[in-house]
Amino acid sequence: MKSVIIIGAGMGGLAAALRLRHMGFDVTVIEKQKRPGGRSNVLQEQGFRVDIGPTILVMKDTFEETYRAIGQDINRRIKFAPLDPNYRIYYHDGTYIDLYNSMAKLAAECERVEPGVTTRLFRFIGDSARKYELGMDFVARNYDRITDLANPSAALRLIQTGAYQNLFAQVGSYFKTDKLRKAFSFHSMFLGLSPFDALAMYSLITYADLVEGMQFPMGGIYSIVEDMVKLAGEMGVTLRTGTPVEEIIVEGGRACGVRLAGGEVVRADIVVSNADLVYTYKKLVPAQYRRIYTDARLDRMEYACSGYLLYLGVDKTYPHMRHQALYFSEDYRANLDAIFRTKTLPEDPSFHLNNPTITDPSLAPPGHSVLYLLAPMPNLQGNVNWDEAAPVVREKLLRQLERLVDPDIRKHIVWERQYRPTDWLHDINAPYGVAFGSLSHGFFQSSYFRPHNVARDIPGLYFVGQGTYPGIGMPMVMLSARLLAERLQREAS
């Protein structure tokens with residue numbers, strides 16, 4: 001039985017551990033933090049429970065397939081609640097629209113903003129469906145050579161769908177109002193990309209949200225992590241937490257184990273890193289073995305944005321709220337340019353507002369709510385002093401909450417925590433404190449051009465998670481575990 005060490009117990013590391021153990025490997029997962037989960041972690045204090053990172057599930061089929069691959073049914077183990085609407089979109093002028101799964105309801109909402117838009121809305125969704133079909137062809141595959149990406153059929157479909165065009169500009173061709181252009185272009189932010197810089201291909205995410213729908217696992221996203229950890233224990237996976245890895249051992253040019261903090265050496269036939277890929281190369285792999293991903297090359301790559309998160313426990317309920325919402329600043333472009341171009345604090349931050357107690361009241365004490373606010377922010381390549389900036393951003397978010405939710409909300413806050421870009425750096429070794437994933441999804445950092453899940457210059461070293469293909473987002477991370485397992489199975493045959 002071959003042995004595998006997986007560095008990091010994020011969702012990708014756990015999914016890979018389950019698959020590889022099911023395939024017959026002897027699997028040990030080593031995690032720096034005291035609690036597994038990586039970016040998908042949790043805060044539990046004073047009766048409040050809130051996800052630190054991702055909060056909603058899309059493309060649930062990727063999770064269902066992960067469980068099926070190990071002979072399990074996720075729907076028998078975890079209860080899911082569908083969201084409808086997916087989002088409430090708040091605008092600077094106090095108006096809002098709800099983005100429903102129901103096409104009839106969605107059209108009615110959009111008609112309130114832009115009369116006569118229904119035909120163009122449905123054309124947008126249909127065209128996004130074609131991009132989704134095209135995009136998934138590139139997502140669910142391993143890459144070995146450039147010809148795996150470049151073929152005449154794919155090039156033709158890329159041209160036919162306009163997937164190579166600019167996302168915001170293409171969305172603007174369907175919608176006349178600024179409000180709907182914002183509502184149907186923001187999804188690229190989840191890939192760490194400004195809609196003004198992203199490819200139109202990424203409207204496939206909008207399609208997945210609107211048509212496939214969004215799910216909330218009762219107990220929050222971390223309930224999935226907890227169940228995966230339970231399964232790993234039942235299957236015989238060894239999980240060591242609170243144990244940082246200091247070095248990947250390379251002998252004879254091959255990865256053969258890890259050295260832990262304190263000096264302990266753990267050997268294995270295969271090493272898989274679920275730690276951030278850039279961090280892995282820079283900090284864990286000795287420089288003399290890195291012929292491809294040198295420090296200089298990694299420094300030239302494009303990195304995703306970060307985020308400031310504010311978590312609030314409130315001694316009041318808000319039945320008029322939706323489970324999740326978005327607030328868009330009036331000057332959408334200025335907000336995004338500050339985050340992605342000048343890397344400075346946005347004057348009027350847009351943000352994601354989540355109230356999971358709308359769906360699952362058990363996440364807070366009776367009569368209470370837990371609120372999650374995420375404001376995309378520049379990563380640490382900028383010169384923002386977060387000791388000074390955090391109180392400023394907090395105040396701006398609270399003022400918007402007073403306007404959107406409750407003018408007296410400050411009186412009802414009984415518990416509060418925050419998470420800054422510096423915390424992403426410290427807690428999960430995220431380069432430049434990126435929040436969603438390290439490498440953004442520009443064309444030359446996607447599919448074949450994204451770092452591969454096998455280190456081409458170090459036999460025995462593999463990767464899983466957002467740093468390799470398919471990329472950022474929980475569904476993509478689940479797929480990355482599948483692709484890793486397929487690669488190892490193919491190499492073993």
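Two strands pair if DSSP finds at least two bridges between them. Helices (H or I, at least four residues) and strands (E, at least two) are DSSP runs, numbered from the N terminus. This is a predicted model, where local features need pLDDT of at least 70, side-chain atom pairs count only at pLDDT 80 or more, and totals for chains, interfaces and linings use all residues. Residues are numbered from 1 along each chain as its sequence is written, and side-chain values use heavy atoms, with hydrogens and water left out.

**Strand E14**

| Strand paired with E14 | Sense and bridges |
|---|---|
| E1 (residues 3–7) | parallel, four bridges |
| E20 (residues 461–463) | parallel, three bridges |

Both faces of E14 (residues 270–273) are covered. Ile-270 and Val-272 on one side are buried, as are Val-271 and Ser-273 on the other. Buried means under 20% relative accessible area, computed with a 1.4 Å probe on protein chains only.

**Arg-290**

Arg-290 lies in the loop between helix H11 (277–284) and helix H12 (295–300). Arg-290 is buried, at 6% relative accessible area. Its contacts (heavy atoms within 4.5 Å) beyond four places in sequence include Tyr-281, Leu-298 and Asp-457.

**Helices H1 and H16**

Helix H1 (residues 11–22) packs on helix H16 (residues 474–492) at about 35 degrees, with axes 9 Å apart. Axes are lines fitted to C-alpha atoms over the stretch in contact, and angles run from 0 to 180 degrees between N-to-C directions. Among the contact residues are Ala-15 and Leu-20 of H1 and Val-477 and Leu-488 of H16.

Conventions: Buried means under 20% relative accessible area, exposed over 50%, partly exposed in between (1.4 Å probe, protein chains only).
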